[in-house]
Amino acid sequence: MITTHHNPKSDSALLESESIFQSAPFPSCHASTIAETPSGLVSAWFGGPREFDPGVGIWLSRKGSEGWSAPVEVANGVQYQRDDGSFVRYACWNPVLHQVPGGPLMLFYKVGVSPQTWWGMLMLSNDEGKTWSA
């Protein structure tokens, strides 16, 4: 959790404002989330051609001493189809990051064609967002 404190020198509770990236490999993104890990901030959002498009994935960036890392796709909505053994890609939606105190960084998100049919997914990172579970 990130805690903001009121700045007594102004009427603003805003401590800092910055862009995570200037350009990205996706034309559209929103629904961002941010978490504070022991080594710094991690942010995630969904990005792709447009909402509902199966090309929409969950993207992530980590803030280090040299600023924000380039965005990387950490979830792409590809699902195994048991009936015929093929793989299908569905849109990803609404990521939420949660840093468990003394535990993993959790990434919750939805996958599916639409909000009426989507389902929840969970990925875990034990290295503050550098690598993720399947």
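1. Leaving aside its neighbours within four places in sequence, which residues is Thr37 in contact with? In this predicted model, the residues that answer to that description are Val42, Gln99, Leu105 and Glu128.

2. Thr37 itself belongs to strand E1, which covers residues 28-37. Its relative accessibility is 6%, and Thr37 therefore counts as buried, since buried means under 20% relative accessible area. The side chain of Thr37 also reaches the backbone oxygen of Gly40, at 2.7 Å.

3. Turning to the aromatic rings, the structure holds 9 aromatic pairs. One of them is formed by Phe26 and Trp59, a tilted pair with 4.8 Å from centre to centre and 55° between the planes. Because Phe26 lies in the segment before E1 while Trp59 lies in strand E3 (residues 57-64), this pair ties together parts that are 33 residues apart in sequence. Both Phe26 and Trp59 are buried.

4. For Trp93 and Trp118, the ring centres are 5.2 Å apart and the planes stand at 70°, so this pair is edge-to-face. Trp93 lies in strand E8 (residues 92-99), whereas Trp118 lies in the loop between strand E9 (105-111) and strand E10 (119-125), so the pair ties together parts that are 25 residues apart in sequence. Trp93 is buried, with a relative accessible area of 3%, whereas Trp118, at 25% relative accessibility, counts as partly exposed.

5. A last point concerns a group of rings: Phe21, Phe26, Trp45 and Trp59 are linked by ring pairs into a cluster, and the tilted pair of Phe26 and Trp59 was described above.

Key:
Residues numbered from 1 in each chain as written. Predicted model: local features only at pLDDT ≥ 70, side-chain atom pairs only at ≥ 80, totals over all residues. Heavy atoms only, no water. Helix = DSSP H or I, 4+ residues; strand = E, 2+ residues; numbered from the N terminus. Buried < 20%, exposed > 50% of the residue type's maximum accessible area, 1.4 Å probe, protein only. Polar contact = N/O pair within 3.5 Å; in protein donor to acceptor, adjacent residues only side chain to side chain. Contact = heavy atoms within 4.5 Å. Phe/Tyr/Trp six-rings, centres within 6.5 Å; stacked < 30°, edge-to-face > 60°.
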